[in-house]
Amino acid sequence: MASLAGSPVGPRTLAPDRFEQVMALAAMLLLGCVIVAVTKGVDGLAKVPPFILLHLATITIALALTPVMLLRPRGDRSHRRLGTIWVLAMFSTAALSFGIRTNQWGGFSVIHILSVWTVIQVPIIWWTARNHKIARHRSAVRGMVLGALLIAGFFTFPFDRMLGRWLFS
């Protein structure tokens, strides 16, 4: 089993810890909610603007890959390839969100702050992986999953938003 050498508190394993296991489970639950919502709202998909459909597609890819990336062995070729797809999906999701302005004023909403953070953070996640900054990479991924996927994902369901209307209809 691989470990992070030189840790001030002793060797730390690359195996998923309890927090990552919980985040993986939360991502699976959120993905299940998205699938149920889209299935229930399939008749309304034709009315959804293309930016929102693309945003939904890219975030679905990231959500589906998140538990895989958090729970499978790390550092091998598959992890790197799936990680590249994940960062591209996350970056695309954030970039596409800037074209989505459905609030009452037609401007950006508070949730767009996470989009700005994601656009900045995703290249850092990729760079830290490519340069073997494992502890920093792991920390950044954990923050991204928690903030940009799980917390932001939760807020796609309440407040009369599209997925929420479909899920609870």
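**Pockets and salt bridges**

Modeller: The second largest pocket has a volume of about 620 Å³, where a pocket is an open set of points on a 1 Å grid over the protein atoms alone, at which a 1.4 Å probe fits and which has protein on both sides within 12 Å along at least five of seven lines. The volume is the space filled by probe spheres set on the points, which are joined across faces, edges and corners. This is a predicted model, in which local features need pLDDT of at least 70 and side-chain atom pairs count only at pLDDT 80 or more, while totals for chains, interfaces and linings use all residues. Residues are numbered from 1 along each chain as its sequence is written, and side-chain values use heavy atoms, with hydrogens and water left out.

Biologist: How many salt bridges does the structure hold?

Modeller: A salt bridge is a side-chain nitrogen of Lys or Arg within 4 Å of a carboxyl oxygen of Asp or Glu, and the structure holds 5 of them. In one of these, D17 pairs with R142, the closest N and O atoms being 2.7 Å apart. D17 lies in the loop between strand 2 (12-13) and helix 1, whereas R142 is in helix 5, 125 residues apart; helices (H or I, at least four residues) and strands (E, at least two) are DSSP runs, numbered from the N terminus.

Biologist: Is E20 buried or exposed?

Modeller: Buried means under 20% relative accessible area, exposed over 50%, and partly exposed in between, with a 1.4 Å probe and protein chains only. E20 counts as buried because its relative accessibility is 1%, whereas D17, at 28%, counts as partly exposed.

Biologist: Which residues does E20 meet in salt bridges?

Modeller: E20 meets R74 at 3.1 Å, N to O, and R142 at 3.4 Å. The latter pair joins helix 1 to helix 5, 122 residues apart. D17, E20, R74, R138 and R142 are linked in a network of salt bridges.

Methods
On a 1 Å grid over the protein atoms alone, a cavity is a set of points where a 1.4 Å probe fits but cannot get out, and a pocket is an open set with protein on both sides within 12 Å along at least five of seven lines; lining residues have an atom within 4 Å of a point.
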